[in-house]
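Please read these points alongside the structure shown below.

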Amino acid sequence: MKRQLFFIAVATVMPGLASAHGLGAGSNFQSGLLHPLTGADHLAAMLALGLLAGSIGGRAIWAVPLCFLAAMLGGAMLGAGGTMMPGTEQVILASVIVLGVTVALALRPSAILLGAMAIIFGAAHGFAHGSEAPAGSMALFASGFVTGSAGLILAGIVLAKLIYGRGFQLAGGALSLLGLGVAFAG
C-alpha cells in the first residue's frame, strides 16, 4: 500500500515540473544536464524507456538506450539548426503515455519495436532540447543533456530490476498519468 501511495503522489506532484525547463537555462554542461531532469515529460519518458529496456533484458539493455540517445542527438542538431519539426510536443507527450502504458500493462515489445519507438521518441525529445538550446556552446549543452538522459534511462533499467512485478506496473501507471497531467496542464 505504501508503494502505491508513493506512485500516486509522484504522479500528482510531477506535472508541475513540466514548466520548469527554465531551471536549466544556459549554454554549459550543467545546464544541459539539468534540462531533461527539470521537464516532467522528458524525465518520465526516459525513465519509462529504461524500465522497458530493463524488463526485456539482453541486448535491449544497451541497444534501446543507444537508439534513443543517438536519435536524440540527431534531433537536437536539427532543432539547433532551425529546422521545423511540426508535432514535436505531441510526439513527446505520446512518448510518455505510450511508454508508460506499455509498462503499466506489463507488455514486452520486441527489442526491435522498442528500438524503433526509441528512435522516433528520441528524435522528438532531442529536437525539443536543440530548439530550446540557448546561444553558446551547443557541444557542452548537448553533452550535458545526453548525460542526464542516459542517467535517467539507466535509473529506469535499475528500477526495472528492483521492482519488476506489481511495482513495475504501478510505476508505468504513474508515468502515464504524469503524461496525461502534462498534456492537460499545457
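1. Axes here are lines fitted to C-alpha atoms, for helices over the stretch in contact, and angles run from 0 to 180 degrees between N-to-C directions. Two packed helices are described by the angle between their axes and the distance between the axes. The model is predicted.

2. Helix α4 covers residues 60-80 and packs with α7 at an angle of about 155 degrees, the two axes being 10 Å apart. Angles over 145 degrees count as roughly antiparallel, and α4 and α7 are therefore roughly antiparallel to each other. The crossing in which α4 passes α7 is right-handed.

3. On the α4 side, this contact is made by I61, P65, F68, L69, M72, L73, A76, M77 and A80. On the α7 side, the residues are M138, A142, F145, V146, S149, A150, I153, I157 and K161. By class, the contact of α4 with α7 comprises 16 nonpolar residues, 1 polar and 1 charged.

4. Helix α7 itself runs over residues 138-163, 26 residues in total. From first C-alpha to last, α7 reaches 37 Å, close to the 38 Å expected at 1.5 Å a residue. After α7 comes G165, with a positive phi near 125 degrees.

5. How far apart are the axes of α3 and α7, and at what angle do the helices pack? The axes of α3 and α7 are 6 Å apart, and the angle is about 45 degrees. The two helices are therefore oblique to each other. Their crossing is right-handed.

6. In the contact of α3 with α7, α3 supplies L43, M46, L47, L49, G50, L51, A53, G54 and S55. The α7 residues are S149, L152, I153, A155, G156, I157, L159, A160 and K161. Divided by class, the contact of α3 with α7 has 12 nonpolar, 5 polar and 1 charged residues.

7. Helix α3 (residues 40-56) also packs with helix α6 (residues 111-132): their axes come within 12 Å and cross at roughly 160 degrees. α3 and α6 are therefore roughly antiparallel to each other. Here α3 passes α6 in a left-handed crossing.

8. Which residues of α3 and α6 meet? From α3 they are D41, H42, A45, M46, L49, L52, A53 and I56, and from α6 they are L114, A118, H125, A128 and H129. The contact of α3 with α6 has 9 nonpolar residues, 3 polar and 1 charged.

Notes. Residues are numbered from 1 along each chain as its sequence is written. This is a predicted model: local features need pLDDT of at least 70, side-chain atom pairs count only at pLDDT 80 or more; totals for chains, interfaces and linings use all residues. Side-chain values use heavy atoms; hydrogens and water are left out. Helices (H or I, at least four residues) and strands (E, at least two) are DSSP runs, numbered from the N terminus. The expected span of a helix is 1.5 Å times one less than its number of residues. Angles under 35 degrees count as roughly parallel, over 145 as roughly antiparallel, 65 to 115 as roughly perpendicular and the rest as oblique. A crossing is left-handed if the near helix is turned anticlockwise from the far one by less than a right angle, and right-handed if clockwise. Contact means heavy atoms within 4.5 Å. Ala, Val, Leu, Ile, Met, Phe, Trp, Tyr, Cys and Pro count as nonpolar, Asp, Glu, Lys and Arg as charged, and the others, Gly among them, as polar.
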